[in-house]
Structures are given as structure tokens and as C-alpha cells.
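Here's a quick walk through one protein chain. Have the viewer open while you read.

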Amino acid sequence: MPARPVLQPGERVLVATRAHGVRLLRPFLVLLLTVFALSLAQRALELRWRPVAEPWTTVHAGLDLALLAAAGWVVLRSCLRPLLRWWRTRYVLTTRHLVLQRPGGGRQDVALPLERLHRVGVERARGPSLGRRDGRVVADFGPLGGLRLEHAPEAHRLAELVRRAADERRAGGPGSAGDARERRPTRVEPDAVVAPRPDPSAPSRRPWGRRTVPQEQE
């Protein structure tokens with residue numbers, strides 16, 4: 001379970017969630033295809049070639065082990081790693097920050113102050129929704145960059161909660177006075193940034209426009 005984010009005195013967690021389970025659909029399909037392909041290859045090997053003398057029996061056993069090793073590598077890389085990444089990544093909204101907790105511990109976490117929020121919206125995923133309510137929550141924090149929360153459950157509700165928490169923070173809600181310098185904003189890494197830090201000589205780009213940085217890897 002991901003560790004609880006470090007909170008300032010008086011700061012409270014409003015929402016703590018992770019990406020919708022639909023993000024595990026691709027690893028699940030890869031797992032099914034891998035098991036099917038392994039079974040088919042082993043069956044074909046038994047039917048096509050069944051040696052009874054050395055050294056061919058050893059070669060046959062080696063090929064069987066090679067098939068198992070290849071299938072295990074595919075499962076580890078394309079199924080278990082995405083599963084662990086999904087489990088250890090959380091979206092946390094507190095009364096002062098929007099936090100993206102990522103695998104690797106606190107050094108990989110991104111926490112952006114709500115009072116610097118410029119805009120938050122929802123981008124629907126391509127294809128039929130099939131009754132799902134998840135979506136991509138895009139939060140723009142101006143010069144600090146932004147966050148793109150992929151497959152956020154109840155995306156519209158989460159975006160509204162982020163917007164309300166930011167409004168309350170700017171309006172001087174509970175715990176908002178006298179703590180603006182207690183915690184510096186987390187340094188935003190490139191894979192978590194929607195809009196890079198602006199170049200004074202270049203036109204600004206917004207995360208909801210057509211030109212954005214590549215998405216976080218699945």
C-alpha cells in the first residue's frame with residue numbers, strides 16, 4: 001500500500017484514490033494471450049517432435065524450458081509490472097495540495113499547491129464509455145506545470161472537488177493563513193508535467209490544447 005503523503009499541520013486528506021481498474025485491461029489480455037500461446041507452442045512441440053534418444057531429449061527439454069522462460073518474461077514485464085505500478089500509484093487531494101503518489105517512494109511524489117491552480121478539467125477517453133465514469137483529469141498550475149491523472153474514477157466529481165478545494169484555499173479557508181512558506185512545491189518531473197515550464201520567448205501552451213507532452217506510459 002502506498003505510504004500516506006506527508007501533511008502539514010492542519011492539512012487534511014479529502015480524497016485518496018487510484019486509477020480505474022480499466023487500466024488493467026491490457027495486462028489481463030496480454031496474460032490470456034501469453035497462456036494461450038504457451039499452451040499452443042508446447043502442444044505443437046509434443047506433437048511434431050518427440051525424441052527418444054540423447055542428445056535430442058535434452059534439446060527437447062531445453063526448448064520446453066525456453067518457452068516457459070519466455071512466457072514468464074512476458075508476464076513479468078507486461079502484466080506484473082503494470083499491476084504493481086497501478087497499485088502503488090494514487091491520486092490524493094488534500095485541503096492544500098493535489099498529490100500524485102508514484103512508485104519509488106516520497107521522492108517520486110508530486111505535490112502542487114491548490115492556491116496556484118489555474119484550471120482543472122476532464123478529457124474523456126477515446127472510444128465507447130460503456131457506462132464508465134472514469135476520465136483524464138487535467139490540472140494546470142501555470143508556471144509550476146500541471147498534472148494529468150489518467151483513468152481517474154468519477155472524473156467529473158474529482159475535478160469539481162479539486163476546483164472547490166482550490167477556491168476555498170484561495171478564499172482563506174481553515175488552515176490557509178500563515179503557512180504559505182511551510183512547504184515548497186514539489187519539483188515536477190517531465191513525465192508528470194502536462195504543460196512544461198514556459199519559455200519567455202515561446203508562446204504559451206495549455207494542457208487542454210492539441211499540443212501536449214506525451215502521456216504517462218501505460
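What follows covers confidence, then a sheet, a core and one histidine.

This is a predicted model, in which local features need pLDDT of at least 70 and side-chain atom pairs count only at pLDDT 80 or more, while totals for chains, interfaces and linings use all residues. Residues are numbered from 1 along each chain as its sequence is written, and side-chain values use heavy atoms, with hydrogens and water left out.

On confidence, the chain averages a pLDDT of 77, and 72% of the residues score at least 70; pLDDT is the predictor's confidence in each residue, from 0 to 100. Over residues 177-218 the pLDDT is below 50, though this stretch has 77 contacts in the model beyond near neighbours in sequence (a contact means heavy atoms within 4.5 Å). Where pLDDT is low, the predicted coordinates should not be read in detail.

Now the sheet. It is open, with four strands in the order E1-E2-E3-E4 and antiparallel pairing. Strands (E, at least two residues) and helices (H or I, at least four) are DSSP runs numbered from the N terminus, and two strands pair if DSSP finds at least two bridges between them. E1 (13-17) and E4 stand at the edges with a single partner strand each, so one side of each has no neighbour in the sheet. E1 and E2 are joined by four bridges, and Thr 17 sits opposite Tyr 91 in E2. H3 packs on the sheet, touching E1, E2 and E3, and its direction makes about 35 degrees with that of E2 (axes are lines fitted to C-alpha atoms, for helices over the stretch in contact, with angles from 0 to 180 degrees between N-to-C directions).

What about the core? The largest nonpolar core has 25 residues, with Leu 98, Val 137, Leu 149 and Val 162 making the most contacts inside it. Such a core is a set of buried Ala, Val, Leu, Ile, Met, Phe, Trp, Tyr and Cys residues joined through side-chain atoms within 4.5 Å; buried means under 20% relative accessible area, exposed over 50%, partly exposed in between (1.4 Å probe, protein chains only).

| Element | Residues |
|---|---|
| Strand E2 | 90-94 |
| Strand E3 | 97-101 |
| Strand E6 | 135-140 |
| Helix H3 | 155-170 |

H3 gives the largest share, six residues.

Lastly, His 60 lies in helix H2 (residues 56-88). At 11% relative accessibility, His 60 counts as buried. Its side chain reaches the backbone oxygen of Trp 49 at 3.2 Å.

Methods. A polar contact is a pair of N or O atoms within 3.5 Å; within protein, one must be able to donate a hydrogen and the other to accept it, and residues adjacent in sequence count only if both atoms are side-chain atoms.
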